Amino acid sequence: MAVDIQPACLGLYCGKTLLFKNGSTEIYGECGVCPRGQRTNAQKYCQPCTESPELYDWLYLGFMAMLPLVLHWFFIEWYSGKKSSSALFQHITALFECSVAAIITLLVSDPVGVLYIRSCRVLMLSDWYTMLYNPSPDYVTTVHCTHEAVYPLYTIVFIYYAFCLVLMMLLRPLLVKKIACGLGKSDRFKSIYAALYFFPILTVLQAVGGGLL
């Protein structure tokens with residue numbers, strides 16, 4: 001197989017994207033950021049993510065998916081207490097929202113339309129924080145090679161949280177308005193207001209501490 005020979009890329013995550021392939025001949029572009037769904041290999045070439053998530057990857061995704069559901073249930077109980085019999089219906093609705101959000105997230109992820117995702121293997125902690133490893137060859141110009149080396153473990157959580165929030169805003173206010181008659185007007189929507197606070201906090205947690213978790 002003939003490969004276009006060029007100098008090796010600088011930095012941990014800069015790679016060369018395949019521009020042309022004709023039989024055994026492969027021509028790669030300049031060093032730079034890899035497209036979404038690809039990461040660099042040991043030879044500094046961008047390669048598609050074709051592996052399946054490992055057990056620990058699924059456990060991590062399950063943990064991050066359960067966080068908003070547990071917080072929903074906590075605040076529903078906190079603000080409903082013994083004053084309302086609607087707490088059970090709100091619990092079920094929260095479970096429905098998070099379950100549907102998880103299914104939609106899997107369906108819109110690559111490959112689209114199936115409950116399956118392909119991923120890149122996590123090799124080290126720095127894979128989660130590629131923005132910190134952009135090289136500066138001359139200490140003046142920075143080569144920006146930030147990409148999702150742990151595809152899709154980083155962005156898929158944000159997509160899931162977005163769907164959770166949208167479904168909550170579409171379904172929960174109607175349900176609460178119908179069945180939470182035992183609560184005052186200022187109390188019946190407090191569990192929804194709480195979600196508007198903890199979703200941004202969860203987003204920051206994923207953005208900053210995803211790799212550590």
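Some ground rules before the details. Because the model is predicted, local features need pLDDT of at least 70 and side-chain atom pairs count only at pLDDT 80 or more, while totals for chains, interfaces and linings use all residues. Residues are numbered from 1 along each chain as its sequence is written, and side-chain values use heavy atoms, with hydrogens and water left out.

When I say helix or strand, I mean a DSSP run, numbered from the N terminus: H or I with at least four residues for helices, E with at least two for strands.

Let me start with the helix pairs. Helix α1 covers residues 55–80 and helix α2 covers residues 87–108. Their axes are 10 Å apart and the packing angle is about 165°. Axes here are lines fitted to C-alpha atoms, for helices over the stretch in contact, and angles run from 0 to 180 degrees between N-to-C directions. α1 and α2 are therefore roughly antiparallel. On that scale, under 35 degrees is roughly parallel, over 145 roughly antiparallel, 65 to 115 roughly perpendicular, and the rest oblique.

α1 passes α2 in a right-handed crossing. A crossing is right-handed if the near helix is turned clockwise from the far one by less than a right angle, and left-handed if anticlockwise. On the α1 side the contact is made by Leu69, His72, Trp73, Ile76, Glu77 and Ser80. On the α2 side it is made by Ala87, Gln90, His91, Ala94, Leu95, Glu97 and Cys98. Contact means heavy atoms within 4.5 Å. By class, these residues are seven nonpolar, four polar and two charged. Nonpolar covers Ala, Val, Leu, Ile, Met, Phe, Trp, Tyr, Cys and Pro; charged covers Asp, Glu, Lys and Arg; the others, Gly among them, are polar.

Is glutamate 77 buried or partly exposed? Its relative accessibility is 43%, so glutamate 77 counts as partly exposed. The scale is under 20% relative accessible area for buried, over 50% for exposed, and partly exposed in between, with a 1.4 Å probe and protein chains only. Beyond its neighbours within four places in sequence, glutamate 77 is in contact with Ala87 and His91.

Next pair: α2 and α3. Their axes are 8 Å apart, at an angle of about 150°, and α2 and α3 are therefore roughly antiparallel to each other. The crossing of α2 and α3 is right-handed. Their contact has 20 nonpolar, three polar and two charged residues.

Threonine 105 sits in helix α2. With a relative accessibility of 2%, threonine 105 counts as buried. Not counting residues up to four places away in sequence, threonine 105 touches Ile156, Ile159, Tyr160 and Phe163.

The last pair is α1 and α4. The axes come within 9 Å and cross at roughly 155°, which makes α1 roughly antiparallel to α4. α1 passes α4 in a right-handed crossing. Among the residues that meet there are Tyr60, Met64 and Leu67 in α1, and Phe198, Phe199 and Leu202 in α4. The contact of α1 with α4 divides into 14 nonpolar, three polar and one charged.

Now the core. Which residues of the largest nonpolar core touch the most other members? Among its 30 residues they are Leu61, Trp128, Val157 and Tyr161. A nonpolar core is a set of buried Ala, Val, Leu, Ile, Met, Phe, Trp, Tyr and Cys residues joined through side-chain atoms within 4.5 Å. At least two residues each come from α1, α2, α3 (155–179) and α4 (190–209). α3 gives the largest share, eight residues. Valine 157 is in contact with Tyr60, Leu61, Met64 and Gln206, leaving aside its neighbours within four places in sequence.

Finally, the loops. Proline 111 is in the loop between α2 and α3, and a cis peptide bond with omega of about 0° joins aspartate 110 to proline 111. Proline 152 is also placed in the loop between α2 and α3; the peptide bond from tyrosine 151 to proline 152 is cis, with omega near -5°.

Tyrosine 116 lies in the loop between α2 and α3 and is partly exposed, at 36% relative accessibility. Tyrosine 116 is in contact with Glu51, Ser52, Leu106, Asp110 and Pro111, leaving aside its neighbours within four places in sequence.
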